[in-house]
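Analyst: Here is a structure to go through step by step. Which part would you like to begin with?

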Amino acid sequence: MRVELITTGTELLLGRTLNTHVRFVAESLFPLGLRLQRQMAIPDGDGIRQALEESFGRCDLLIVTGGLGPTSDDVTREITAELFGCELLLHEESAAWIRSYYEARGRGFDAGARRQAMVPRGFEVLPNPQGTAPGLYFPGGTGHSPLFLLPGPPRELYPMFAAEVRPRIEALAGGPGGVECREWVFAGLGESELAERLEPALAGIEGLEVGYCAGSSSVRLRGIGRPELLEKADAAVAETFPYQAASSHGETMEEVVVGLLKQRGEWVSAAESCTGGLIAHRLTNVPGASAVLGMSFVTYANEAKSRLLGVSEAVLRERGAVSPEVAEAMARGCLAASGADWGLGVTGIAGPSGGSAEKPVGTVWIAVAGKGLPTVVRQGFFPVDRETFKMRASEKALDLLRRQMLGFPS
């Protein structure tokens, strides 16, 4: 089935509201064996007319979000009824629900509230327990494909989709799909190198759909196909990249690291300079991170490196703050100060100024210290914008820790 999504809302096109509907709808459709073929975001108002007319003749199922509210710019139901050539009728049950909803909040049932209970003839009403405007469903016929008109607020859309929309789409699609999607996440590789080395093995798996996506700090390989095909792809990945594939189910590097630390019953602490606490931030974005991170340090100034981590002032003076010696001292000092099992030390030059011929902007030194283990120190070079530099440096630090825990080459 050719499925299209129209999201309405001027705020989406002003950049003030993130359009999360695309991701939500796409992820909801995939287990049913369906994928979005096209998505269109349009402003509030009469633009919905042209968008509907374009999609009607092109798709087998159309989903529209937004424009069902009580204000003058909410015109989705009215324009839809006009295009279908049908009248709008008051749905008494919806009107009663909306009236009670308003009265419970001390508001009157005015003309705008009443508009939300108007339903194009021939459409089914989808209850909205989380709000006022009900969803609307046309099951198909009279020259039109099945059509869903759904509320825009995610807190209303998501429950309605699960309870009312998904079962209807599953019936249209003939049951759940037989394909799955898997994502492998790679660290320390470029997109072209990944494809060049892996493509020959993947090309031999007939029926497997492959895609690559390069992010700011990692590369993702996407495989779509039957479960047995994905298992073959997983074996090919493991054989070609035994150390660089950090995840086989789309987990982020921080999720992988937190999971490993939990399995081992170990703690980590980080001493960060150029990354400014980003490593700790990423780790604490993972639920349950409190089991593996007790404390961390942001030692941006040299005085802080000495006072909190015990980094020698002589080393700082002679070798400079951005050096392998300081990164190692930061990791060891962090380990001692925190009592953790693993300590990270990161120091570098994020730019755009501050570099030199010997230490250009983008240089970073990363150290991983483990209890009773030799400290591993590695250099990175990321001559990019400041924010991307911080992300790549933090990714390299977490990956270096991952490899040390697994006994992989670093």
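User: Over how many bridges do β16 and strand β17 (residues 376-381) pair in the antiparallel sense?

Analyst: This is a predicted model, in which local features need pLDDT of at least 70 and side-chain atom pairs count only at pLDDT 80 or more, while totals for chains, interfaces and linings use all residues. Residues are numbered from 1 along each chain as its sequence is written, and side-chain values use heavy atoms, with hydrogens and water left out. Helices (H or I, at least four residues) and strands (E, at least two) are DSSP runs numbered from the N terminus, and two strands pair if DSSP finds at least two bridges between them. In β17, R378 is the bridge partner of I366, and the antiparallel bridges between β16 and β17 number six.

User: Which residue in the hairpin of β16 and β17 takes a positive phi?

Analyst: The hairpin has five residues between its strands. The residue there with a positive phi, near 70 degrees, is G372.

User: Which residue stands opposite A367 in β16?

Analyst: Strand β15 (residues 342-348) also pairs with β16 in the antiparallel sense, over seven bridges. In the pairing, the residue opposite A367 is G345.

User: How many of the eight residues of strand β16 (residues 363-370) are buried?

Analyst: A residue is called buried under 20% relative accessible area, exposed over 50% and partly exposed in between (1.4 Å probe, protein chains only). On one side of β16, T363, W365, A367 and A369 are buried, and on the other V364, I366, V368 and G370 are buried too, which leaves both faces covered. The number of buried residues in β16 is therefore eight.

User: How far does helix α5 (residues 92-104) reach from its first C-alpha to its last?

Analyst: The expected span of a helix is 1.5 Å times one less than its number of residues. Helix α5 has 13 residues, and its reach is close to the expected value, at 18 Å.

User: Why do the buried residues of α5 lie on the same side?

Analyst: The buried residues in α5 are S94, A95, I98, Y101 and Y102. They lie on the same side of α5 because the arc they cover around the axis, taken from the directions from the helix axis to the C-beta atoms, is only 130 degrees. The face turned away from this buried side carries the exposed residues E92, E93, E103 and A104.

User: Which elements do the buried residues of α5 pack against?

Analyst: Contact here means heavy atoms within 4.5 Å. The buried residues of α5 pack against β4 (88-90), α6 (111-115), β6 (124-126) and α7 (154-173).

User: At what distance from the ring centre of Y101 does R105 lie?

Analyst: A charge sits over a ring if NZ of Lys or CZ of Arg is within 6 Å of the ring centre and within 35 degrees of the ring normal. R107 lies over the face of Y102, at 4.1 Å from the ring centre. R105 lies over the face of Y101, and its distance from that ring centre is 3.6 Å.

User: What kind of aromatic pair do F56 and F84 form?

Analyst: The structure holds eleven aromatic pairs, where rings of Phe, Tyr and Trp (its six-membered ring) pair if their centres lie within 6.5 Å, and planes under 30 degrees apart count as stacked, over 60 as edge-to-face and the rest as tilted. The ring centres of F56 and F84 are 5.6 Å apart with the planes at 80 degrees, so the pair is edge-to-face.
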